[in-house]
Amino acid sequence: MNPLKKAIFWLLAILPLGSISYAADYELHVETPDAGDIISQFEERLSEENLPLKYYNYMGENGIVDLDDLRAERNYRHFLQMLLEFEKDTLFGMTASSGQLSIGGGH
């Protein structure tokens, strides 16, 4: 028998059946937000000044005054950088962190 299969069968034998079914059920019910949800949440929190200071520092360093200015075509790259940072922070639960934006090296 393949060593990997042997290891899997061994793990299945020692794990309680409830934990295996719970893990499978959890995986089926985890929802990931779609892009529209993330964008609207980012814009709402930015407008309400409810984001970590690193976002506002980044905007100031790049001459971006507000959300409307961030949405301008000339700042599209900055908008994407901030949005990706927000998504990463949200995914890892780090929206309360401070410091520089990690994407783009934070200027």
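Predicted model: local features only at pLDDT ≥ 70, side-chain atom pairs only at ≥ 80, totals over all residues.
Residues are numbered from 1 along each chain as its sequence is written, and side-chain values use heavy atoms, with hydrogens and water left out.

Of its 107 residues, 26% count as buried; buried means under 20% relative accessible area, exposed over 50%, and partly exposed in between, with a 1.4 Å probe and protein chains only. Contact means heavy atoms within 4.5 Å. Among contacts with a separation of 6 or more, 50% come from residues 24 or more positions apart.

A nonpolar core is a set of buried Ala, Val, Leu, Ile, Met, Phe, Trp, Tyr and Cys residues joined through side-chain atoms within 4.5 Å. The largest one here holds 14 residues, and Phe-42, Leu-46, Leu-51, Tyr-55, Leu-70, Met-82 and Phe-86 touch the most other members. At least two core residues come from each of α3 (35-47), α4 (53-61), α5 (67-71) and α6 (76-91). The greatest contribution is that of α6, with four residues.

Two packed helices are described by the angle between their axes and the distance between the axes. For α4 and α6 the angle is about 170° and the axes are 11 Å apart; axes are lines fitted to C-alpha atoms, for helices over the stretch in contact, and angles run from 0 to 180 degrees between N-to-C directions. That makes α4 roughly antiparallel to α6, a label for angles over 145 degrees, with under 35 roughly parallel, 65 to 115 roughly perpendicular and the rest oblique. On the α4 side, Lys-54, Tyr-55, Tyr-58 and Met-59 meet His-78, Gln-81, Met-82, Glu-85, Phe-86 and Asp-89 of α6. These residues divide into five nonpolar, two polar and three charged; Ala, Val, Leu, Ile, Met, Phe, Trp, Tyr, Cys and Pro count as nonpolar, Asp, Glu, Lys and Arg as charged, and the others, Gly among them, as polar.

Lys-54, found in helix α4, counts as buried at 5% relative accessibility. Its C-alpha atom is separated by 9.8 Å from that of Met-82, 28 residues apart along the chain.

Rings of Phe, Tyr and Trp (its six-membered ring) pair if their centres lie within 6.5 Å; planes under 30 degrees apart count as stacked, over 60 as edge-to-face and the rest as tilted. The count comes to three aromatic pairs. Phe-42 and Phe-79 have ring centres 5.9 Å apart and planes at 75°, so this pair is edge-to-face. Because Phe-42 lies in helix α3 and Phe-79 in helix α6, the pair ties together parts that are 37 residues apart in sequence. Both residues are buried. Phe-42, Tyr-55, Phe-79 and Phe-86 form one aromatic cluster.

Two loop residues remain. Glu-49 sits in the loop between α3 and α4 and counts as exposed, at 66% relative accessibility. Most residues other than glycine have a negative phi. Glu-49 is not a glycine, yet has a positive phi of about 55°. Asn-75, in the loop between α5 and α6, is buried with a relative accessible area of 6%. Leaving aside neighbours within four places in sequence, Asn-75 is in contact with Ile-64, Asp-69 and Leu-70.
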